[in-house]
Amino acid sequence: MSMNSEGRVTRPETTSAAARAPATFTGNRALMLEEALIFERDDYARTGVDLPDVPHVSSRLGGLERSRPIGLPGLPEPEAVRHYTRLSRQNYAIDLGLFPLGSCTMKHNPRLNEKMARLPGFADIHPLAPVDTVQGALAVIDELAAWLVALTGMSAVAMSPKAGAHGELCGLLAIRAAHDAAGSDRSMILVPESAHGTNPATAAFCGYKVENIPATADGRVDLDALVARLGPDVAGVMITNPNTCGLFERDMKRISDAVHAAGGYVYCDGANFNAIVGRVRPGDLGIDAMHINLHKTFSTPHGGGGPGSGPVVLSAALAPYAPLPFVAKQPDGSFKLVEEETADEDHPGSFGRMAAFHGQMGMFTRALAYILSHGADGLRQVAEDAVLNANYVLRSLDDLLDAPFGDSGPCMHEALFSDDGLAQGFTTLDIAKGLIDEGFHPMTMYFPLVVHGAMLIEPTETEGKATLDQFIGALRSVVGRARAGDEALKAAPALAPRRRLDETAAARKPVLVWKDAPLPEAAE
Ligand SMILES: *Cc1c(COP(=O)(O)O)cnc(C)c1O
């Protein structure tokens, strides 16, 4: 094993690639620098600032004052900056290369969006600013809301939810409010077995029982099984469309009609709206509530400036229960915020609030910039190109990788493969780790659960053919090694800053606290 100067293992020599490279004194590899934990680099006596000694004053904390420093690392400013910059270089990012994570829609974030979001009139306002001083920002929210309503063919939109999962919560709270208002205490939410984990989690969080609906052999919701399960206890269903197998649920309208006839509501997980935006309006499919991940379909950064943003479009039946606050246009063209559910406001049925304020302003500005720069025709092309790219990936690999639903026609915006056909002992994980050595972020693995060793690849529409061809070539090479039983693949990644980690242990027994740092003695 080689160690860096801190004695940490850098990379074993078991792979030929690692063996060929000379060991270095520092453990650095050319301009990729090894980096110790900040606590290991720490010298408590050093800091980035020089402060005069604090004059002695008698404490008024009644004996509650801290008896010794809390053990924060001390580094001069240039070393602190370098520490984080070095770490950042070990990250992969959408601005570095293809990020084929299925379900996540890691598309390019146009810089125009950033420019708009940084305009001081949007970036520097405060959510408590008087409404008449932020009319422009409220107009942005209102205009984005109008686009989302038009693109989905729904009645209303709740803008405040801060991510897809938060939007699911909003939608289910609206469904529950509607049932409460009708005096019904339905307790069951039906969820297909291919659903994203957030769907059953949200339903359970709302206090519902959750039951799975099986899939058919072609990867879609089993309509007959669903209809057979409907009854007076079912509050609603949560269905992803296009679904997590990358397939359009062709029976969606029939599903909605059956659910409505049985007195339930239809929640659609809209995380895959990227595949159908501009082509299909969920409202026409009978959907009652759907979240839109602005950070997926509308190209705002994932986690940009906080969480993402998950507005929820609502049908006429659920709109009266939408959360507060929301922006309303007044007859004179100005905007107001509806903040209370009192009778003298226009919205007495609201189920309450999802968040303290109006939602993610920075994401709204970015999403509106994206929508306006594409226009209606451009958004339709987004969906078409995303689907085209995914089918290009699907058909360029399906001779080598098993595509479980490949025979049932084209996919939507993501291509799904299984681990069938890999050599004994080789898994999806080996493919993912091999891709890291090839310079690509891995695809989504082991999801959806209905496919063994699933690999879900979402190229998105912002990748060109040259990039896709390189990715396909890399994946063909790695899959070829896994089919041939190349043992070195099991040690991949060989070229990354860190070797293969025990991810199960990291998730189950995370070590999040640096325990060994000796705290400095109490200063007198
Ligand atoms: C991303 C995603 C979610 C959750 O969205 P977040 O914004 O991450 O909370 C839910 N369902 C599906 C299918 C998704 O892809």
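User: In which helix does Asn 389 lie?

Analyst: Helices (H or I, at least four residues) and strands (E, at least two) are DSSP runs, numbered from the N terminus. Asn 389 belongs to helix α11. The model is predicted: local features need pLDDT of at least 70, side-chain atom pairs count only at pLDDT 80 or more, and totals for chains, interfaces and linings use all residues. Residues are numbered from 1 along each chain as its sequence is written, and side-chain values use heavy atoms, with hydrogens and water left out.

User: Is Asn 389 buried or exposed?

Analyst: Buried means under 20% relative accessible area, exposed over 50%, and partly exposed in between (1.4 Å probe, protein chains only). Asn 389 has a relative accessible area of 11%, so it is buried.

User: Which residues does Asn 389 touch, not counting residues up to four places away in sequence?

Analyst: A contact means heavy atoms within 4.5 Å. With that exclusion, Asn 389 touches Pro 459, Thr 460, Glu 461, Glu 463 and Leu 468. As for Glu 414, its C-alpha is 8.4 Å from that of Asn 389, at a separation of 25 residues in sequence.

User: Across which strands does helix α11 lie?

Analyst: Axes are lines fitted to C-alpha atoms, for helices over the stretch in contact, and angles run from 0 to 180 degrees between N-to-C directions. Helix α11 (residues 361-397) lies across β10 and β12, at about 30 degrees to β10.

User: In what order do the strands of the open sheet run?

Analyst: Strands of a sheet pair through backbone hydrogen bonds, either parallel or antiparallel. Two strands count as paired if DSSP finds at least two bridges between them. Here three strands form an open sheet with antiparallel pairing, in the order β10-β12-β11. β10 (415-417) and β11 (444-445) are the edge strands, each pairing on one side only. Three bridges link β10 with β12 (residues 455-457), and Phe 417 has Met 455 in β12 as its bridge partner.

User: How is the protein chain divided into domains?

Analyst: Domain bounds come from an automatic or database domain assignment. The protein chain comprises domain 1 (111-368) and domain 2 (380-508). Their contact takes 23 residues from domain 1 and 20 residues from domain 2. The domain centres, taken over C-alpha atoms, are 31 Å apart.
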